[in-house]
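This report describes a single model for a reader who has not seen it before. It covers backbone geometry in a few loops and the confidence of the prediction.

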Amino acid sequence: MKERIVALSLCVLIIFSALVVPTFAVAPVDPARPSSLTLKYARDGRVFEGVEVRTYRIAEVFADGTYALTGAFAKYPVKIYDVTSQSEWRAIASTLAAYAAADGIEPTRIGTTDKNGEVSFENILPGMYLTLSVTVREGNTVTIFESFLTVVPRPDENGNHNYDVTAVPKSESYTSVEDKEYKVIKLWKDEGASGKRPANIIVDILKDGVIVDTKILSSENSWSYSWTAPDDGSSWYAVERDVAEGYTVTAVREGNTFVVTNKATSDDSGDAPQTGEMINLRLYAVVMCISGGLLVVLAVWRKRNDA
């Protein structure tokens with residue numbers, strides 16, 4: 001019985017220690033080290049050759065593993081710290097992709113996939129990279145590879161950094177129809193601060209990077225607008241202009257609906273940015289420590305039963 005109590009106490013101690021582990025890797029990042037990013041475009045066992053890929057270095061990385069928006073992206077009211085889920089990272093990627101298309105920001109690198117469906121960007125600086133979505137249309141079949149964020153270097157479970165990163169973007173395929181109805185909806189997350197809301201907002205609607213319409217959303221139109229367009233595989237974006245002071249913005253596509261969300265900021269939201277990759281390190285440590293603790297309990301139990 002005594003051995004079991006000791007083992008259980010050790011297990012609890014291990015788990016508690018894992019929970020207070022810093023959320024970034026132990027080894028410092030070298031912000032100037034030449035790095036590479038290789039992307040593979042494949043779906044259902046098939047690779048896509050001849051696809052043009054555009055990637056942007058949207059944030060610089062510091063030695064302690066934190067990030068800050070950089071260059072043309074530094075001006076956008078988009079928060080990349082205190083992010084706790086992959087869905088939030090996807091929303092950030094979608095929002096910054098829309099701004100990049102709307103404002104004609106020049107990519108850091110442009111490449112074309114080879115016969116293996118791969119494109120490699122060599123000798124790039126460490127940082128956070130945004131790769132724009134890619135649409136491939138073949139007859140009535142449309143395949144979309146979504147916009148996504150990648151950190152370079154990528155930390156591993158040992159606290160080291162891999163400066164040669166490989167990633168595979170998520171994709172979906174569907175059969176096109178003659179026309180599609182699209183919709184943009186405005187949401188507010190500002191409980192207790194709704195008095196700061198503007199009377200209306202301006203949204204640019206883009207098709208393949210070109211503004212095709214500008215709409216004013218307000219309570220009079222239920223903060224929404226709908227339109228119909230041919231389903232020709234074009235890339236659509238909705239971009240909010242002149243975001244009200246005291247708010248951040250995300251613009252994410254859910255099916256054929258673009259949800260533009262303004263979230264009120266607080267004066268105490270100055271925590272350093274960290275990536276989902278780093279948060280995953282702590283989760284990995286917790287799982288490993290729980291497994292280790294259970295092994296200790298099992299060993300004591302076996303020893304007791306063998307005695």
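## Loop residues and confidence

S222 sits in the loop that connects β18 and β19 (224–230). Although S222 is not a glycine, its phi is positive, at about 60°. With a relative accessibility of 55%, S222 counts as exposed, because the cut-off for exposed is over 50%. All of this is read from a predicted model.

A second residue with positive phi is D208, which is also not a glycine; its phi is near 55°. D208 belongs to the loop between β17 (200–207) and β18 (210–218). Its relative accessibility is 48%, so D208 counts as partly exposed, a class that lies between the 20% and 50% limits.

Which peptide bond is cis? The bond from V152 to P153 is, and its omega is near 5°. P153 is located in the loop between β11 (148–152) and β12 (154–155).

The average pLDDT is 81, and 78% of the residues score at least 70.

| Stretch | pLDDT | Contacts in the model |
|---|---|---|
| residues 1–25 | below 50 | 35, beyond near neighbours in sequence |
| residues 267–303 | under 50 | 59, beyond four places in sequence |

Where pLDDT is low, the predicted coordinates should not be read in detail. The contacts of residues 1–25 and of residues 267–303 are given with that caution.

Note on methods:
Residues are numbered from 1 along each chain as its sequence is written. This is a predicted model: local features need pLDDT of at least 70, side-chain atom pairs count only at pLDDT 80 or more; totals for chains, interfaces and linings use all residues. Side-chain values use heavy atoms; hydrogens and water are left out. pLDDT is the predictor's confidence in each residue, from 0 to 100. Contact means heavy atoms within 4.5 Å. Helices (H or I, at least four residues) and strands (E, at least two) are DSSP runs, numbered from the N terminus. Buried means under 20% relative accessible area, exposed over 50%, partly exposed in between (1.4 Å probe, protein chains only).
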